[in-house]
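Q: I have a model on screen and want to learn to read it feature by feature. Where do we begin?

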Amino acid sequence: MLRRCLLAVSVLLSLVVAGCGNDAGGGGDGKVKVVAAFYPLQFISERVGGDRVTVTNLTRGGAEPHDLELRPNQLAQIEDADLVVYLDGFQPAVDEAVRGQAKDRSFDVAAVEALKDGPAGKDPHVWLDPVRLSVVVGQLADRMAKVDTAGAEEIRSRATRLQGELRELDKEFSTGLANCARRDIVTSHAAFGYLAGRYELNQIPINGLDPEAEPGPQQVTEAARLAKERGVTTIFFEALVSPKLSETVAKEIGAKAAVLDPLEGVEGGDTYFTVMRANLTALRDALGCGQS
Ligand SMILES: [Zn+2]
């Protein structure tokens, strides 16, 4: 009995300590508890935090993040987190849950100043531009270093390494897409505004910003007409959304359909970098790009 009481007291104590902990990180294992709203944010949190953090992704692999609903245990995870990494305006359920949180325990990617000059129409898919993602990585590292002061140096050096890899990726995209026969990309939802802007491509989205919304027949006809007029040979669809819409348009103009992945969820052994490089290959094929 005494033993059980002591145990209860020590559990209680560790809970209290975890609740107050800041610079040492919150978890019982001494790691900083980070909750990331969806894959690209999980990816950068893990790369920047390394083994000083445990990262929980609110959107399970292979699921579409836009319409995420939070389970009670996920609400508890958010409440318990040392740092919540999210993108305001992308997932209303997460925005709602974070609203009650202390400001210094959340990092809003949408608040990063360098993103304010993004494409028109409130496109949230900023991670598809490696240059802007690199800016986000720098600011995330600053925030993480404040939460985990003992790990600040490590965090900053990991962020610098990741930024170098992103710079490399950006170079591959710029040279890979420099000499192309075409520059129009027809996509199912308007996820590629940041990518198109960075590499001077022109996005023709069949749908709006919501991948699940049903486009009207007029939207489909208009996209097909534009695609045909511009000599488009490939209609893109996304990994997590049914290809039906893109296939319909492709058939209508005698084009083929191929995957362009907005990286909203990643499965298997893929990472941000493997998917982005597959996207580059798909773009080069579709646009008839040569050596530069
Ligand atoms: Zn999206």
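A: Start with contact, which means heavy atoms within 4.5 Å. Bear in mind that this is a predicted model.

Q: Which residues does S134 touch, not counting residues up to four places away in sequence?
A: S134 touches Q163 and L166. S134 itself sits in helix α5.

Q: Is S134 buried or exposed?
A: Buried means under 20% relative accessible area. S134 has a relative accessible area of 15%, so it counts as buried.

Q: Now the whole protein chain. How many helices and strands does it have?
A: The protein chain has ten helices and eight strands. Of its 292 residues, 48% count as buried. Among contacts between residues at least 6 apart in sequence, 60% join residues at least 24 apart.

Q: How do I read a helix such as α6, and what span is expected for it?
A: Compare its reach with the expected span, which is 1.5 Å times one less than its number of residues. Helix α6 covers residues 152–176, 25 residues in total. From first C-alpha to last it reaches 36 Å, close to the expected 36 Å.

Q: Which residues of α6 are buried?
A: Among them are I155, L162, Q163, L166, L169 and F173.

Q: What covers the buried residues of α6?
A: The cover includes α2 (39–49), α5 (130–147), α7 (193–198) and α10 (272–287).

Q: What is the general idea behind a nonpolar core?
A: In soluble globular proteins, nonpolar side chains tend to be buried together.

Q: Which residues touch the most other members in the largest nonpolar core here?
A: L177 and Y272 do, in a core of 71 residues. Helix α10 gives the most to this core, with nine residues. The core draws at least three residues from each of domain 1 (25–173) and domain 2 (178–287).

Q: What is L177 in contact with, leaving aside neighbours within four places in sequence?
A: Its partners are R183, Y199, L201, L280, L283, R284, L287 and C289. There is also a second, separate core of 14 residues, which includes I204, V232, A250 and I253.

Q: On to the metal. What angles are ideal?
A: Ideal angles are 109.5 degrees for four tetrahedral donors.

Q: Which residues coordinate the zinc ion?
A: H66, H125 and H189 each coordinate through NE2, and E264 through OE, at 1.8 to 2.3 Å. Angles among the four donor atoms run from 93 to 128 degrees, and the site is tetrahedral. The spacing of the donor residues in sequence is H-x58-H-x63-H-x74-E.

Q: Where do H189 and E264 lie?
A: H189 lies in the loop between β5 (184–187) and α7, and E264 in the loop between β8 (256–259) and α10, so the pair ties together parts that are 75 residues apart in sequence. Both residues are buried.

Q: What phi do E200 and L263 have?
A: E200 has a positive phi of about 55 degrees although it is not a glycine. L263 has a positive phi of about 60 degrees, and it is not a glycine either.

Q: Where is E200 found, and is E200 buried or exposed?
A: E200 is in the loop between α7 and β6 (202–205). E200 is exposed, at a relative accessible area of 62%.

Q: And is L263 buried or exposed?
A: L263 is buried, with a relative accessible area of 0%. L263 belongs to the loop between β8 and α10. E264, a zinc donor, lies in that loop too.

Conventions
Residues numbered from 1 in each chain as written. Predicted model: local features only at pLDDT ≥ 70, side-chain atom pairs only at ≥ 80, totals over all residues. Heavy atoms only, no water. Helix = DSSP H or I, 4+ residues; strand = E, 2+ residues; numbered from the N terminus. Buried < 20%, exposed > 50% of the residue type's maximum accessible area, 1.4 Å probe, protein only. Core = buried A, V, L, I, M, F, W, Y, C linked by side-chain atoms within 4.5 Å. Domains from an automatic or database assignment. Donors = N, O, S within 2.8 Å, 3.2 Å for Na, K, Ca; no water. Tetrahedral: all angles 85-135°; square planar, octahedral: opposite > 155°, others 65-115°.
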